[in-house]
Amino acid sequence: MLSSLCPPKSKRFHLGRRLQNMLNKIFLPWPRGITQGKQLALCGLLMVSVCASAYLIAIRSFSLALGPRREVDRRWRFARPACCLVEHWLSGAAKPPGVAFKDFMMNCFEKDVSENERSNDLIPEHTSWESDFGAGIGLKRLRVVTFNVHFFQRGFSTTLRGDATRECLEVLKTLNADVLFLQEIPESRVEEAIGALRGQLGLRHAVAAPSADAHVLDPSFGVYPGERLHVICASRGALVRSGAVPMGSGHAAFLEVDFGPSSSSSSSSSSSSSSAAVAATPKGRVLAYSVHLSVRCPEETRLAEATAVLEHARQAVKSAAKSAGGGAPPLVLVGGDFNQPVESDYPAREWAAMAADMTRAKLPLSDGVAQALRERGGLASAFDLARERRPLPATSAWNGALVDFIYASEESRPRAAENLRGLEAGRSRFSAEASWAYYTSVSDHFPLVADFRVDV
């Protein structure tokens, strides 16, 4: 039996002779004293070396082939020009004479809007998840929007250029969010804002929470003097629970809602009855947090705020899993104004210019929040998760930096269609489809939009 696996001795001899003859052509004449046996051994050693070298070359070639592809996969994030302000820094040009630098920054912001607002047409019209189920569509889309409304005032920072309440609501109607995060709502206008979200936008559940001490307006401010700004989290989903999550001197607004088939039928139910129904059949559970992290503060302040939200989310995920009896994990969403750009969101050249400006202004280059969200919370930016790859916006605010984000669970990273079809019936999956910036100057921040596919 074993002998059949090994060639006859005569064939082995001829194979060795062929190797020896091949090397004779290369090394002829052999050094004196090299016997035929040693010659055959050297032949074998050389063949092993040749095979090993070929293997290493193949592996290296394969790695080089993958390397550029990974680089291309990263380049799509920066396939756009720098924002106007950063482009100015890169050019080395001087600020126009007679213009205050903050006014120049806002002029750059308005130029960014005018040059990019055509891209708003790329954002598809969205029908609410309720309409999908009403039409018998089992596969629906969930839209998430975050918007810092600058206390419903045109202008920037402490410069006011008139009320923009109506314009902000028109933007929100256009985007038609199923989950909405708002920042910089004056305390005296919280109830009015929640009423408008319910009555005009159909976001029947909303909760407000006071922001950190850094977001209390100066007593001498032209509007809402001395008021603490608030965040709002609103949703069309069936309510499970809501509240304000403490984070440092402020809070995040929190909603736990459900977007499963059973929740669409409970749209007219009271909060208590809706909560009971959802707890029994959690088909599309979402944990949503609207945040406005502190500004002009030590970097550890924002990190502590984000850590508090992550800890609450960790406990909420466990609670949701327990009530669901296992099954699909809930979709965790953290959206809002994080007041810190992230180096990996920029090409090296742009970041160098921004870092120089932040250093001059004595602002930290990193606060560790993005890393904590990724490593501790398992969250990623909707732009990086989305199936449709779109360049990151060069900025989301008048200060020339991308500081607004929608972070979502890594589990929402799109899967192959066959994996989706293989899911257990009745279990929900959220899959990030696309993300956009909506260019408008009704505030000093752009809204960000993210669409998720919901398979229930």
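Q: Two strands pair if DSSP finds at least two bridges between them. Which strand pairs with β2, and in which sense?
A: Strand β3 (residues 159-163) does, running antiparallel to β2 (residues 153-156) over three bridges. This is a predicted model, in which local features need pLDDT of at least 70 and side-chain atom pairs pLDDT 80 or more, while totals for chains, interfaces and linings use all residues. Residues are numbered from 1 along each chain as its sequence is written, and side-chain values use heavy atoms, with hydrogens and water left out.

Q: What is the bridge partner of glutamine 153 in β3?
A: Aspartate 163.

Q: And what's in the turn?
A: β2 and β3 form a hairpin with two residues between them. Serine 157, in that turn, has a positive phi of about 45 degrees.

Q: Switching to charges. How many salt bridges does the structure hold?
A: The count is 23, taking a salt bridge as a side-chain nitrogen of Lys or Arg within 4 Å of a carboxyl oxygen of Asp or Glu.

Q: What does aspartate 367 form a salt bridge with?
A: Arginine 302, with 2.7 Å between the closest N and O atoms. The two sit in distant parts of the chain, 65 residues apart: aspartate 367 in the loop between α12 (348-360) and α13 (369-375), arginine 302 in helix α11 (residues 299-324).

Q: Is aspartate 367 buried or exposed?
A: Buried, at a relative accessible area of 8%; arginine 302 is also buried, at 2%. The cut-offs are under 20% for buried, over 50% for exposed and partly exposed in between, with a 1.4 Å probe and protein chains only.

Q: Which side chain does arginine 314 meet in a salt bridge?
A: That of glutamate 311, at 2.7 Å from N to O. Both lie in α11, three residues apart, about one turn of the helix. Arginine 314 is partly exposed at 41%, and glutamate 311 is partly exposed at 38%.

Q: What about arginine 387?
A: Arginine 387 forms a salt bridge with glutamate 433, the closest N and O atoms being 3.0 Å apart. Arginine 387 is in the loop between α14 (382-385) and β12 (404-409), and glutamate 433 is in strand β13 (residues 429-437), so the bridge ties together parts 46 residues apart in sequence. Arginine 387 is partly exposed at 38%, whereas glutamate 433 is buried at 9%.

Q: Which residues do salt bridges with shared partners join into one network?
A: Arg241, Glu256, Asp258 and Arg285.

Q: What lines the second largest cavity?
A: Phe338, Gln340, Val342, Asp367, Val369, Ala370, Phe405 and Tyr407. The elements giving two or more residues to that lining are α13 and β12. The space inside is about 60 Å³, a volume being the space filled by probe spheres set on the points.

Q: Last topic: how many disulfides?
A: Zero in the whole structure, with a disulfide being a pair of cysteine sulfur atoms within 2.5 Å.

Q: Where is the closest cysteine sulfur to that of cysteine 108?
A: In cysteine 84, at 3.2 Å, which is too far for a bond. Cysteine 108 is buried at 3% relative accessibility.

Key:
Helix = DSSP H or I, 4+ residues; strand = E, 2+ residues; numbered from the N terminus. 1 Å grid on protein atoms, 1.4 Å probe; cavity = no way out; pocket = protein on both sides within 12 Å on 5 of 7 lines; lining within 4 Å.
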